[in-house]
Amino acid sequence: MDFMPIIPINENDSDFSDTTEIPSELALLPLRNTVLFPGVVLPITVGRDKSIKAVGDAYKGNKLIGVIAQKDSNIEDPDFKDLEAIGTVARIVKQIKMPDGGTTIIIQGRSRFSVQELTAEEPYFKATIKVLGEDEAPTDPDFEAYVSNIKDLAADIIQLSPNIPSEASIILRNIENPSFLIHFVSSNLNTDVREKQNLLELDNIRERANLLMQFLQKELQFAELKNKVTNKTKVEIDKQQREYFLQQQLKSIKEELGGDVNEREVKEMMKKAESKKWTEAAREMFKKGAEKLERMHPSTPDYSVVYNHLDLMLDLPWQEYTHDVYDLKKAKEILDHDHYGMDKIKERILEYLAVLKLKGDMKSPILCFYGPPGIGKTSLGRSIANAIGRKYVRLSLGGIHDESEIRGHRKTYIGAMPGRIVQSIRKVKSSNPVMILDEIDKVGSDHRGDPSSALLEVLDPEQNNTFYDNYLELEYDLSKVLFIATANNLQNIQPALRDRLEIIELSGYAVEEKIEIAKRHLIPKQKEAHGLNHTRFTINNKVLEKIIQDYTRESGVRELDRQLAAIMRNQAKTLALDGNIKSTLTVPDIEAILGRARYNNEMYKAANMPGIAVGLAYTYVGGDILFIEATMSDGKSELRLTGNLGNVMKESATTALSYLSANAKKYGIDSKLFERKTVHIHVPEGAVPKDGPSAGITMLTSLASAVTGRKVRPYLGMTGEITLRGLVLPVGGIKEKVLAAKRAGLKELILCWQNEKDVQDINPEYIKGLSFHYVKNMSQVLDLALQD
């Protein structure tokens, strides 16, 4: 349907060098897909019997035939009504017999005609016709512009059509007859037969030119679009072919060098996977992943995602366990060697080992070591791992806010990683390590989720055999892992999580314990750290006690370790300068090195005036001594509280005042005194927040002392909660508080009678010199505390 540049010998001859008169009756030749225009030469292949007969007779006669288009080109054997009303008289220039029996004719259009009446249907259509005249081509500039525009549009279409020879545009430019130009272009227009027929039926040549120009505009737009799409497709195909050729070359080079690296990696993975003790689900997932990796090209983005996932699966120790050592005596020796004291915890570990030895297997309990910082909770986990021959891994949970840190990210995300639990298992290459979950009370939560909720599955012995990691996308058995959590404050642990933990409380060390720890562990460690392990100098017990009491105030031994490090640095400097050091350090030497005593307990040993009582407190660093002062002044009846007190402590002060006011007569106090006096209770060290109910009896004693003017007995400390009825209730942290009292040099302590069992748990050696008074109500407290 493209342009076919076939032109007559003489385009300017209106009769086309043919003087044959057109008869009034002509044989009709129906054409299925073509419209013949005057002056245009067309080759036509004739296949129908009727048409062959009509062409043969016409060629023998005057060589004229009426060429007319079918309305519907799909009709194989058209009737007269299926033909158009207007056609073109054609002269048969040449008739060629084809080898297949068909006939090809070359015809040239002469004049348009309209069919008047059908005269015969057999052996072919014949009809009377009326020749339609042609207008002379106008010579005005407007029409010349039409003609020029038609030439330009046709030339543009030829340029964009790859199937039309470029010479066609030259031929078009040389056509000078406007009528023939319009007929020639119309004949070769790439449009349907109906539109060409419309052009043929127009009598006015100007209108025909106008309509032709519209069709050409449409054809040009289509050609431009087609060309654009073709070029784009060609570029894409060229790019794909180029990449394909390069990949093939690269593949050939790799084969010459010993095979494709990626293929080797996949084969190595498959070989490594044969020795893994997979679960059925893991085996199936690995197989699918490996098959997917083989089909992928290394340059695709998903390749690294699939590769890293398979690499993780291979690195994980599926059902690979270390052999537990069940020698309880050796285990006890290791625990005793690494940590001094901690008898209750060591006993609990040995119980666990005993059950494991007898039964051979048990769901690991989730232990939680709870106590003040610096007492060895974390290092105890390493000792447990050494004692039972397991691998040790520590997981710090402090400050984790993102749930994905525990469970992992989905592997489709950029930078996705497995969770900390699976990463730790991967690192230690064992499915039954001792895993320390350090600072479990420091886990935070925000908009990214609550990590402590994710830990619920990890720390539940009933669930953790099917722990699901988002990155791994498989269940992993954590039931053989011995989890040990550490915490400083149980209140900060989510209740559901706390319920899964077996809480084992580690209390602070007594002075005697600290001396032993310093001699056994801290001094040798610091000597080695400072290059003094070959020198022989000692620090005796008296000097160590001086360091502990005057330069540290803690339940653990971290600050003591720092003070010993300061001493070792000084000794190292002396050795470097003088070449020798003293063999024994004395108390004056310590004061010269560490400076003046940082803590002085003298102020707590005696209460020299009424209104001052000494209480025992429990802080995050262990036990401590608390000074409580009370005074009364003239003014309106009110209670003032200072010293950065929490709500519970404020309520204890209010309760103490209410009790004392209600029982004024019982203690010989003027009941109207409280109506005209302002009561002020102050707890020193106002910058330190204080809270809790255990200062209740101390506040009441201080108030009673201030009101009655009776001094509190010196060297006396107390702790306990009070009620409005004057009963004394038990409080926690007794060991810490008792040891703090011993450190401060107190001699007597008043406690609730229900706390007696807590005192019995303390080694008698550590509380030698302390006497205890166990009370049930405030009357007993005041009788013991106030001097006559």
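Helix α17 has these buried residues: V511, E513, K514, I515, I517, A518, L522, I523, Q526 and K527. Buried means under 20% relative accessible area, exposed means over 50%, and partly exposed lies in between (1.4 Å probe, protein chains only). Helices (H or I, at least four residues) and strands (E, at least two) are DSSP runs, numbered from the N terminus. This is a predicted model, in which local features need pLDDT of at least 70 and side-chain atom pairs count only at pLDDT 80 or more, while totals for chains, interfaces and linings use all residues. Residues are numbered from 1 along each chain as its sequence is written, and side-chain values use heavy atoms, with hydrogens and water left out.

Stay with α17, which spans residues 511-529. Its buried residues pack against β14 (538-539), α18 (541-551), α19 (558-578) and α24 (734-744). Contact here means heavy atoms within 4.5 Å. The helix is not straight: a kink of about 50° is centred on A518. The bend at a residue is the angle between axes fitted to the seven residues ending there and the seven starting there. After α17 comes G531, with a positive phi near 75°.

Move on to α19. Two packed helices are described by the angle between their axes and the distance between the axes. For α19 and helix α20 (residues 587-594), the angle is about 95° and the axes are 10 Å apart. That makes α19 roughly perpendicular to α20. Angles of 65 to 115 degrees count as roughly perpendicular, under 35 as roughly parallel, over 145 as roughly antiparallel, and the rest as oblique. Axes are lines fitted to C-alpha atoms, for helices over the stretch in contact, and angles run from 0 to 180 degrees between N-to-C directions. On the α19 side, Q563, A566, I567, N570 and Q571 meet I590, I593 and L594 of α20.

Is Q571 buried or exposed? Q571 is buried, with a relative accessible area of 6%. Leaving aside neighbours within four places in sequence, Q571 touches L532, F537, I581, K582, L585 and I593. Another glutamine gives a contrast. Q221 sits in helix α6 (residues 205-256). Q221 is exposed, with a relative accessible area of 55%.

Now turn to the strands. Two strands pair if DSSP finds at least two bridges between them. An open sheet of 5 strands runs in the order β8-β9-β12-β7-β13, with parallel pairing. β8 (392-396) and β13 (502-505) stand at the edges with a single partner strand each, so one side of each has no neighbour in the sheet. Strand β7 (residues 367-370) is joined to β13 by 4 bridges. There, Y370 has E505 as its bridge partner.

Helices cover this sheet too. Helix α14 (residues 420-428) lies across β8 and β9, running at about 155° to β8.

One more strand group remains. Which strands pair with β23? Strand β20 (residues 716-718) runs parallel to β23 and is joined to it by 3 bridges. L716 stands opposite E748 in β23. Strand β24 (residues 771-775) also pairs with β23 in the parallel sense, over 5 bridges. Here C752 stands opposite V775 in β24.
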